[in-house]
Structures are given as structure tokens and as C-alpha cells.
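Here are my notes for you, with the cut-offs spelled out as we go. Have the model open while you read.

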Amino acid sequence: LSTAARRLGDLPTAHVASRDAFGAAAELGDLSVMARAAVNLAGGPPGPPWWGFWSAVDDAADRVQRLLDAGPEALHADELVLLWCARASDLSRAGRHADAEDLLGRAMVLAEGPLLETVVSLGRWRIADLGGSAVERAARGREVLDRARAADFAPGMAVGHRCLAGSGVERGDLPAARRELNRIEAVAPRHRSEAVADDAMTVRTALDLFTGRLADAERGLIAALERFGHFGRGWLGVLDLQFVRLFYEQHRMHLLEAQLRQRIAEDDAAPWNAGLVTLLTAHDRHDEAREVLAAMSRDDLVRSGEPAAQFVPSALFADAVVDLDDRERAEWLVAELEPRADRLISMSNGILFSGWLCLPVGRLLGLLGDDGRARHHLLDARRRAEEAASPLFELRARVALAELDVRAGRRDDDAIRSLLDEATAAGYGVVAASIGRLSPRSASCC
């Protein structure tokens, strides 16, 4: 039941069934069934069943480790490969990439057949996604795709195409990214895979958000709602994150405040806290935003961009810190983010693309008065956005450069007004609001 539910994309049912199977097998002392149940648990929310084995879910990590401690000789080779992959995921998330690579190397030697080799390749890609270079991520994505094709494994092929789509965005090649997206959609009907079709839908929406095609993104999300359910029950939480991003760009995040606070009550994770701080700051509720930030330690703040989140929360916190004129936290974030300024801000290589870290880093440095370094990063952000054909993020970079000029006493109200007109015409509400704050004359016009 657990395996069938996972293949159908019904993760809540799979999760409950996996727990029941694990408990029953433990009573019988059946290590083989325990291993498979633990791996199924490892594939529960927030990751699809074929996505890197997120064994940190609930107590699945402990279950995996207990089985490994019980003695690998008691397990079949394929079960041991799957458990090693689950354990490697834990190690990767903890930053122990070399240990994870070593474990996956052993798993690949033991893996028999293209399907298990695909699973191991997924783990190897995940390490590159968390701590590798853009070149490594592209190479590992290609490896996943090649092995999945050899296994005729549709979900694996979809992941491979999604990895390559993310690599296309990362290097600014949007046409290549969309080609990979079209290939995901071509895989779905041939394999009758709803999970693959769902994947294509979420990646397309992510690309529409990234390029500023907000009306297309909204239509896609409405269609996804009809398919997946209401806010808070979206496909693996993806819809929640994409709706937050859409409403942020439209300057309508206040409509999601109740849902955000509910998510924080259920899961006090960095993306939701970052969303709340952004909401409060964007709507000039600065005292409330400062209260949220004050409750976070320095480690909480600077680690908000942990690899699993791919710096999406960090970028949101950075923008809020600049808008709140919080120089102390700006220094914390610059120290953490500037060495990674060329990184694409993304989540799960396709759920969200939010520009490059050089943009928030440039804004932080502008707040701290380092005009030269700030301008260098902001010009880099503008260049990358132009190459990626993202008018939204290109405009954001130009607004940040105008903000830098205003801080230096070089205000050009006519140029600011032109930026405001451009943002308003495109429907970029939050950008328009930020432009309005740069010049009293512009603010009075909007």
C-alpha cells in the first residue's frame, strides 16, 4: 500500500502505511520489510518519493540509522543501497558532503541494474545541488537523466530534465531551460505518470515567476489549485511557496498573512518566517517585522539559506534588513552571503528561482556604505538578469542601483519616475512600492 500510494503521488497515505509496515515488521523482526518501510518514510513530505530520500522527515532518519546499526549483512543488496542513499541524504544536509559521496560510491558499486543506479545518481546530484558548482550540478543532472533513460524510469527522467532546466536558468539560458521543461511534459503521457505531469506544471510556474510573467504564473497556479487542493495542502508545499512569491511580486502578501502564521505555527522554518518578515516590511509594519527578527539568533538568520532552501529565505531576510535599516544584521548576512554572490537563488532546483545572491548582497553593502562593492554586485545582478531574459529581476537590479544613488545623494527623480512607470505597467506591485519610497515626488504620484 505504501509503495503504491507513493507511485500515485499520495504521500500522506504512503507515510501512514509506511509507519504501519515498519511497526509490524519490527514486531516480527523482519529487517527486509523494515528497510523498505524506512526508505518509504524517507521519501515522505517534503520530497517526492523519487527525490533524494529526505530521511530527515519525522523520525525516519533514526529508523534508517537503527537498521544500519543492526548489521548490513542482514539486508539484501538492494535494500542496503536504498538505506545508504537515505543516510547519504542526511549527511549531505548536514554539510558532510565528502562522507555522503563516499557512502554513495559504495552504494553505486553494490547497485545492480539501471533503476538502483538512477537512485544513487539522484543522491549524487543532490550533493552537487547542496554544495557543488554549477558545472557539477549540470554534469550530475545529465548523469541522472542518462541512467533514468536506461531504466525507462519516468520520474527519474523528469528529475533529470528538471535538473538540466535549473542549470539552464543558472547560466542564464532560459530557452534551454524551457526545452528541458517541454521534455518533462513529453515524458508524462508516454509513461502515464501524474507525478511527472505535476513536476512539469510546477517548473513552468517557477519560470513564469522568474521572468516576470505574473499573469501566466497566476493562471498556472489557479489550474494547479484545481488539481491539487487548497492553500496549505498544495503538492508537496510547492503551491504554498509559489503563491507566496506571486503575491509578494503583486504586493498582495497581506492576503496570505493568516496562512503564513498558521504555517509558522505548524513548522517554524526559515522560508515561512522570511515570508512573514517580508510581508510586514513590504506593508510598512516595521515594528512587527523587527520583533520577528529580534526573536531570531544570528545563527538562525545566517543559516536561513541552508543548502536545502538554496538561499531563498536569506534573500528575503536581506531585503527586509535593508528596508529596516538594520546595519548589525546586514553585516551578519554580508559575511555569510558575499562569498556565494554568484549563486542562483533557487529552491529544489525548480520550485522557485529568485535571481542571484549578488542582488541582495549589493543592497546590503549599499546600506553599509560600501558603494564600490555594492555597485559591482548590482551591475553583476543586472547583467545576469539581462542574459537570462528576466525583465523582472533586471528591473529589480536597476531599482537597487537607483537606491544606491539616492543613498549617495545622487537622486534623479525623473529616472525614478521612469522606473515607477515601468514597474506599474508590468504589474510588479512590490517593485513599484519600493520605487515609490526612493523619492517623495514619486511616492506622491502613486
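The points below go through the nonpolar cores, the ring pairs and the charges over rings.

1. Some housekeeping. This is a predicted model, in which local features need pLDDT of at least 70 and side-chain atom pairs count only at pLDDT 80 or more, while totals for chains, interfaces and linings use all residues. Residues are numbered from 1 along each chain as its sequence is written, and side-chain values use heavy atoms, with hydrogens and water left out.

2. Start with the largest nonpolar core, which has 96 residues. A nonpolar core here is a set of buried Ala, Val, Leu, Ile, Met, Phe, Trp, Tyr and Cys residues joined through side-chain atoms within 4.5 Å. Buried means under 20% relative accessible area, exposed means over 50%, and partly exposed is in between (1.4 Å probe, protein chains only). Among the residues with the most contacts inside this core are Val169, Phe210 and Leu293. Its largest share, 10 residues, comes from helix α22 (residues 391–407). Helices (H or I, at least four residues) and strands (E, at least two) are DSSP runs, numbered from the N terminus. Apart from this core lies another, of 20 residues, with Leu80 and Cys85 among them.

3. Who touches Leu293? Setting aside neighbours within four places in sequence, Leu293 is in contact (heavy atoms within 4.5 Å) with Val277, Leu301, Phe317, Val321, Leu324 and Arg329.

4. Now the rings: there are four aromatic pairs. Rings of Phe, Tyr and Trp (its six-membered ring) pair if their centres lie within 6.5 Å; planes under 30 degrees apart count as stacked, over 60 as edge-to-face and the rest as tilted. Phe210 and Trp356 make an edge-to-face pair, 5.9 Å centre to centre with 70° between the planes. Phe210 lies in helix α11 (residues 194–211) and Trp356 in strand β2 (residues 352–356), so their pair ties together parts 146 residues apart in sequence. Phe210 is buried at 0% relative accessibility, and Trp356 is buried at 4%. Ring pairs also link Phe210, Phe353, Trp356 and Phe393 into a cluster.

5. Another edge-to-face pair joins Phe243 and Phe247, at 5.8 Å and 70°. Both lie in helix α13 (residues 238–249), four residues apart, about one turn of the helix.

6. Last, look for charges over rings (NZ of Lys or CZ of Arg within 6 Å of the ring centre and within 35 degrees of the ring normal). The charged end of Arg252 sits over the ring of Phe247, 4.3 Å from its centre. Arg106 does likewise over Trp84, at 4.6 Å.
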